[in-house]
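Subject: Structure handover

Hello,

Here is the structure I promised you. Please open it and keep it in view while you read.

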Amino acid sequence: MSTQSQTAPKSSSAEQSLPQTMAWLWPFWRPLRWRLLFLLVATPVGVLFNVLIPLVTKQIFDALQAQDVSADFIAEKALVIFWLGFINFVFNTCVQSIRGLTNFHFENAFRQRLSQALLQLGRGFFYRFRTGDVTTRMIDDISEKKLGWFACSGIFRLYQAGLTIVGCLFFMLRLNPWLTLATALPLGVVVAFYIYSSQKTVAYARERQQAISSLNAYLTSTLDGIRVVKAYGQEVQAAQNFDEVVEKQYQREISLARVASLLEISYSRFSELGVLTVFALGGWLVIQGQITLGTLLAFNAYIFMLIWPMVDIGQFYIKGRQASVSVERVRELEEYPREIIATPEGLMIPSGYLQLQFSDLSYSFGEHEVLQQVSLNAKSGQRTVLAGAVGAGKSLLLDFIPRILEPHSGHVLLNDQPLADYDLSQLRSSLGVVSQNPSLFSASLRENITFGRQGLSDADLQVALDVAQLSQEMGSFAEGLETRIGQRGVKLSGGQKQRVAIARALIHRPRILILDDCTSALDADTEARFWQALHDFVPEMLVILVTHRLSTLQQADQIVLLDKGQVVAQGDHRQLTAQPIYQDIYLKPH
Amino acid sequence: MSLAKHPAGSTHLKAKLHSPTSAIPSVQADTQPKKLAGQWDLIKRLIPWVRPYRRTFLMALVLLLFSAGAKMLGPVILQQAVDNYIVPGHFEGLLLLLGAYVSLLIAGFVANYVEMIQLEIVGQRVVSDLKKRSFSHLIQLNLPYFDQNSTGKLVSRIENDANAMKVLMSTVITNLLGNLVVVVGMFAIMAWQYDLTLALYVVGLCPVVLGAAIGFNKLMEPLLISVRKLVAEVNGSITEMIQGIGTIQIFGQEQRFIKQVMQQSQFKYRKEARMTLAFNSFFNLLFFVKTLGLVLILWLGGQRVLRGEMSIGSLVLFMSFMQSFFVPIMFLSSQFNEFQKGIAAAQRIFELLDQEGREPEAQEQQAFPTGPIEIRFESVWFRYQSDWVLQDLSFCCPAGEHWAIVGPTGSGKTTLISLLLRFYDPQQGRILINEIDIRSFDLQTLRSGLGLVLQDLVFFPGTLLQNLSLERDDLSIEQVQHVMRAIGADELVQRLPQAYETQISEDARNFSAGEKQLLSFARALLKNPQVLILDEATANIDPQSEKRIQAAMHTLLDQRTALIIAHRLNTIESADRILVLQAGQLLESGNHAQLLQKRGIYAQMHHLQVLNT
């Protein structure tokens, strides 16, 4: 079954406004009230001690110019600067550390809430969103560099910047309003410049990133396929292609550098421009006797103090927009409608004989109906095979049994009761499911097979290994059942992965076993042994499977032949041999 | 003159502008260079790579010196302004001086900008050259090298390491040289023109700060590395969780997985918290040291001014120098780690360039036979490392016959094919094509005569057509269509938005496993080889399509030799001969009927597969 479908709508179009973003963030701040209070109070204290320093410097210079002070006075004032600087250092360290910690904390908090939401979504969600996209939202969007950063640092740096600007302006205005106007106002340009230039830089950086991605993709596919490259004598061609990719990246790097370098050196020049204004205009005022030399130097110091807050304001604007997009992307996951509703106090799964019935079940991807009024009947002790060409809807049909997909119309019934009436977790725990590409996890073999379920003995484990045809191979694992199999089981071969997944599905003696073409990587005799062992293990198990193998089809109690989402025939192998589609797919002589 | 108090602000911006590789997780960058002793040798080795761009490089250096000089002159001008014009009250003179300052600023700005771009160009050019050279070297290496080095590692070597090296070129040179010039120059000015003692106080703080910063960075490195690892771990778990979400739900393991991810995240948080505290404290402390410098200058310098030993303007100059002094030093220390990483990266790249084990040259340049091909294995023995994978294997597949090789996993089927393609050479015995030892062929010649279809299809970025014809310009679209129609793959092409011109993404998401195998098959057939080798090529193809492929093989491969490896025995029943391998040994051979009659292993395997109904 193909899993490609409509991609997610472009989230940037549905951008949230800043108040909405803040409203979304607020519940995360609520438990952190003390931290919030600390930041609200400590930030202004740190800022205050910082903006006082130029005033003391002014006193020193004024005294020096007047030439009627003692060395003690100078020493005393220098000591004041020392203490101002020290207190500022302490407060700044605390404020910045708390901000950093909170960013990291938020990343975890966002992730926890999102994981909870995500794990309640059905498969239908993943037909709409690619897993890579979801992973990006879970890892990148909420990270301490993006949303996590904005939620605390972004907001409180703006707060600090605002306070610094207010503080500086307050003292500057008191010293000389005209000089303030002339020097501080042009600094507003920095905000605009920052916003303009970072948007430019971001665009170039994105292009550069794309170039890096395509270089990596090229390297990965070529090196993974080195046998093909060599078998087809493509070494020289591959190197030439690579040269082109490298050249493209070079161009992008240089374009980015042209913008980024300009930006980088501009910031230091902004302060120099400010210095120039202070010395020209301030110098004139000093000469006129309207201000002292100390005042001029204090202004000079304030100019340096004002540059970074201006950048912060610009940054808040840029990052705020990015954060809004991230919030929107996260909300899309959180607010995705829950398809699968667990019935409270649902029915218990009956013991004994089970009958699973699909009646007139239909399902569609958007306009396209992929399953049309499918009806079939499977019973305990029987092996039912879903057959049909690639894309007939076989795998999709299996997803309705564990209720990770809900039918758009029609029903799935278990002993004549709709599946939805049963207790969801009990239903799921009475199933054994092995999918086409089984998901394994980076843990030991044992943990992958027992998979967090309680009350399983070593004997259960051994039986599961035996039936899944894994026990013969245990010797080849260095640490036996404790061998770690790597992320998604990379350290195992395809056949081993399938057998581990089979053992995982069997260990708790499921009442219903669902196998989705999971024996394709087993060789024929292993598969034959598997079927025999499975029959001996639980003869009354209800088995539903997808397979392409003729030998498996021949042994099935019932074959349901699907074509383009519809049941075209049912019966056993002998009965179906008369069906033209069945003949076409499985029986044409070669 | 005051402190541009905003440590986090400035480093943040800097980091944003200067992290070309930050988006790619670098696995290797963490490992320390084994032999730092060879640093100078490495730099010597780098020189030839810069040589082609020496003019640009030298020009950039000259501009660098000029802009450093301009930076130094700034505070001097301010001192002159205060002492000669503002205090005495000459406004016109002040304006003239400041006018000169403006032109100096502009000249410095331009020089600085041009210099940065030129250095970037040289750096990027060298890096590009290195990447190209290492890739073309890498791709010529023999298969055992690729068996030992994962793709991820090699990609990181070429992409991440080359970029890390660039830091050596541009950033370090700018910072190291540029700032060194500024620091020394300023010291000279302060010492000779103004006040040696005070200059020594200011400059004396530099090594302290620099040393502390470098020491701190080194101290923090293990923590940084472990944080990076934990981040990778958490991200891995999340990826795994999302990819296996269906399985987790079916098995009712949602809460366990959330708990697991959150525990990992909590653990990561604890380390990150330590890192945040350490970095914030340290960098704020550095800024506090700068305040200390200011206090020192005001206190000592103030007394001198009082005693008339120094002018007020000079005090302004000292304060201004203090300002320009600390920023370069802090960046220098932050570059120290980058520098080390660059050295380590350079070492690894040169290691790759020095890597021996290119594929063997032909002993004699035999031409590949044009007609039908006979393949003979003569007592071939082969092992990768310890155990023999093939033991004394001999057979001869006559021209034009289709042979199958069967046997359980690990029996040596795929190895046999790797030997035929000379991905490896046998330790004993030889392989002959039409009685010519395959070692006498040029590798290209040999491989171009053999068409290989693997279980996995490898796509290269490009259009479908390019991927099928693999840049063989002589192939017409009609030829491609003909082959695709023959194997029944034309339908899937019509499904694509731009048919043969559709761009294929590297993971080929647009195709199912079965479809990929069809395409892989088409690619091999289009090569029009004398020999076709199929390695599990039809495992995921439904029987209907497989039959079509087999039919196509009969028409397209008439008179050509084929070796077929398969799990499903019914697909090879029509083979002219079937070789049964087990543990590297040839146990049985014969056609389907003969082998069944023999009632040996093959008959058993066959029996199991068509298990009685």
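Below is what was found, starting with where the chains meet. Please keep in mind that this is a predicted model.

The interface: 133 residues of chain A are in contact with 130 residues of chain B. On the chain A side, helix 10 (residues 235–288) gives the largest share, 27 residues. Sorted by class, that side of chain A has 69 nonpolar, 45 polar and 19 charged residues.

The cores: the largest nonpolar core has 197 residues. Leu306(A), Met165(B), Phe318(B) and Ala522(B) have the most contacts inside it. Take Phe318(B). Leaving aside neighbours within four places in sequence, Phe318(B) is in contact with Met190(B), Leu198(B), Val202(B), Ile297(B) and Gly301(B). Another core, of 100 residues, lies apart from the largest one. Its members include Val330(A), Val412(A), Ile502(A) and Leu561(A).

Helix 6 of chain A: this helix has 29 residues, 147–175. At 1.5 Å a residue, it should span 42 Å. Its end C-alpha atoms are 41 Å apart, so the two values agree. Look for a kink of about 35° too, centred on Ser153(A).

His592(B): this residue lies in helix 19 (residues 592–598) of chain B. Is His592(B) buried or exposed? It has 20 other C-beta atoms within 10 Å, and 20 or more counts as buried, so His592(B) is buried. Not counting residues up to four places away in sequence, His592(B) touches Glu573(B) and Ile578(B). Val102(B) is 490 residues from His592(B) in sequence. In space, their C-alpha atoms are 93 Å apart.

Best wishes

Key:
Residues are numbered from 1 along each chain as its sequence is written. Chains are lettered from A and ligands numbered from 1 in the order in which they are written. This is a predicted model: local features need pLDDT of at least 70, side-chain atom pairs count only at pLDDT 80 or more; totals for chains, interfaces and linings use all residues. Helices (H or I, at least four residues) and strands (E, at least two) are DSSP runs, numbered from the N terminus. A residue is buried if 20 or more other C-beta atoms lie within 10 Å of its own, exposed if 12 or fewer, and partly exposed in between; C-beta atoms are placed from the backbone. Two residues are in contact if their C-beta atoms, placed from the backbone, lie within 7 Å. Ala, Val, Leu, Ile, Met, Phe, Trp, Tyr, Cys and Pro count as nonpolar, Asp, Glu, Lys and Arg as charged, and the others, Gly among them, as polar. The expected span of a helix is 1.5 Å times one less than its number of residues. The bend at a residue is the angle between axes fitted to the seven residues ending there and the seven starting there. A nonpolar core is a set of buried Ala, Val, Leu, Ile, Met, Phe, Trp, Tyr and Cys residues joined through C-beta atoms within 7 Å.
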